Amino acid sequence: ADGFWKVGSQNYTPQELATWEMFNREPRALWQWYLYRWRICRESKPNAGHFALQDIGKVIKKLGGRMHVVTQNIDGLHRAAGCPEDRLYEVHGNISLMRCDEKVEGSCCFHHDHSATDIPTMSAMKGVVVQATKPPPLVDGKEVEVEVPVCSDCGIRMRPQVLWFDESYNEAWYKQVSAMNAVENCDCLLVIGTTLTTGLPQRIFRTCVAAGKPVIHVNPDEETTAGMLHVQAKSGAALKAVLEELTVLAKEAAYAELAVSPRSALAGKPAAPKAPGKASGRASLSGKPKAKAKGAIRRTTSVDSSVAPPEDKVRFIFAYGTLRPDAPNPPSWTLPFVKDMTSHRAALRGASIYEVSSEGYPSLVFEQTRCAVRGCLVTADPKVFEKKLAEANRIEGYPDHYQRRIVSVDRESDDATPGGPVWAFVYHRTGKFDRTQAQRISDGDWVSHKFAAKKP
């Protein structure tokens, strides 16, 4: 449906067809194209990703929240999968609907301000949207030429209820304002299968990043982008895994039990640390993964921290707060600390981070939870590392203010280093403060919470 379409003797792209200009020049040909596309949509069915997304919404509802779906798709498959109307925002329209041409004098909405948001105007504009004329049956497997439908009230030609490339979003027909209100009030943005190349989706992404909200991008082919957590997998597999994890997480108490003897939920026994390479001093938030996922979601198992090696054998520190080398606008001690050290992005399962309002710094707490904390593993050659560990002890106020443990942390892959669990020192404050009086960082990422709003 998205290839070339011939009008007369000339081929056109969807970007050339889906415009007011083409509708005015070739209205019958444009309607022929839309009816052809609608036929394809009518024959399509929701896939596993559509249904998993709705199941995720049901779990979120049980937790007292709401899931809103903002979609660029015009195929209506989210409706078919059961997405509630009041939580669905088809910001590019719906190919199964049509309305009379508002730009033609005498049409039902010609005299209205199409950007209006007052209830009477929007009610009148919504009232002209009707079910589109169904595609006629194929004759010998070929499309039958059709006439442009007309409005039964005003007699003016009808147009598809789809946003064209040379027109703007509005509230009455595309729910622009409602979609942005949902985004501004969300706790997390899940981006599925889009490259964010059009105006409103880009605005949605920028709004969440500026507010420090976690953005998770599910796409099997997309390269990493700063400001997002990437799940490079097909939507069906990824959303099924999200649903399973969320279902387990939903059974946890609001404040999970403290893990006095923590177990990190990582796969396999940590490998012996490799000799660090040349110091980089700073990790990238948008590093390219070594290999793309093939639709499968990696599962992890527990590693008992009671088998941790002695301290003199450990060569990593898990930095999740002000010691992170990738933090924009870092405090004065960060850059001196990370100098002559290399870093790798990493995650620690079975923990959460909190911000105690009176302190303003992150506090990691080991809990019996499915949640994870994201940060960086920093390391150096043995002589330098010994000094860096002493420096970290001083910065973190160990042992008076922060405690310290050796636990397994999951290192992400990059071009030079394989991923996998490694042993690392982790500074924490388990049992040191009242968690009900602190703010829990929902995505486990201090950088996105504290510094994203300061990014240019």
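**Notes on the model**

1. Arg440 is partly exposed, with a relative accessible area of 28%, where buried means under 20% relative accessible area, exposed over 50%, and partly exposed in between (1.4 Å probe, protein chains only). Its side chain meets that of Glu367 in a salt bridge (3.5 Å, N to O), the term standing for a side-chain nitrogen of Lys or Arg within 4 Å of a carboxyl oxygen of Asp or Glu. Glu367 lies in the loop between strand 16 (362-366) and strand 17, whereas Arg440 belongs to strand 20 (residues 439-440), so the pair ties together parts that are 73 residues apart in sequence. Glu367, for its part, is buried, with a relative accessible area of 3%.

2. Residues are numbered from 1 along each chain as its sequence is written, and side-chain values use heavy atoms, with hydrogens and water left out. Helices (H or I, at least four residues) and strands (E, at least two) are DSSP runs, numbered from the N terminus.

3. On confidence, the mean pLDDT of the protein is 83, and 84% of its residues reach 70 or more; pLDDT is the predictor's confidence in each residue, from 0 to 100. Among the elements, strand 13 has the highest mean pLDDT (97) and strand 11 (residues 263-264) the lowest (42). Over residues 262-304 the pLDDT stays under 50, although the model has 111 contacts beyond four places in sequence for this stretch, a contact being heavy atoms within 4.5 Å. Residues 452-456 also have pLDDT below 50, with nine contacts beyond near neighbours in sequence. Where pLDDT is low, the predicted coordinates should not be read in detail.

4. A search of the whole structure finds 22 salt bridges. One of them joins Glu311 and Arg404, whose closest N and O atoms are 3.0 Å apart. Since Glu311 sits in the loop between strand 12 (303-304) and strand 13, and Arg404 in strand 18, the pair ties together parts that are 93 residues apart in sequence. Of these two partners, Glu311 is partly exposed at 44% relative accessible area, whereas Arg404 is buried at 15% relative accessibility.

5. A salt bridge is also found between the side chains of Asp86 and Arg87 (3.8 Å, N to O), and Arg87 is buried, with 13% relative accessibility.

6. Which residues of helix 12 are buried? They are Phe385, Lys388, Leu389, Glu391, Ala392, Asn393 and Glu396, and the buried residues of this helix pack against strand 13 (317-319), helix 11, strand 17 (372-379), strand 18 and strand 19 (420-428). At 1.5 Å a residue, the 15 residues of helix 12 should span 21 Å, and its end C-alpha atoms are 21 Å apart, which agrees; the expected span is 1.5 Å times one less than the number of residues. Just after the helix, Gly397 takes a positive phi of about 70°.

7. Some backbone geometry deserves a second look. Most residues other than glycine have a negative phi, and most peptide bonds are trans. The peptide bond from Tyr398 to Pro399 is cis, with omega near 10°, and Pro399 is found in the loop between helix 12 (382-396) and strand 18 (403-411). Lys175, which is not a glycine, has a positive phi of about 55°; this residue is in the loop between helix 7 (171-174) and helix 8 (176-184) and is partly exposed at 24% relative accessibility. Asp340, likewise not a glycine, has a positive phi of about 70°, lies in the loop between helix 11 (334-338) and strand 14 (342-349), and is partly exposed with a relative accessible area of 49%.

8. As for the cysteines, the structure holds zero disulfides, a disulfide being a pair of cysteine sulfur atoms within 2.5 Å. Cys188 is in no disulfide, and the nearest cysteine sulfur, that of Cys186, is 7.1 Å away. Cys188 is partly exposed, at 39% relative accessibility, whereas Cys371 is buried, with a relative accessible area of 19%.

Key
This is a predicted model: local features need pLDDT of at least 70, side-chain atom pairs count only at pLDDT 80 or more; totals for chains, interfaces and linings use all residues.
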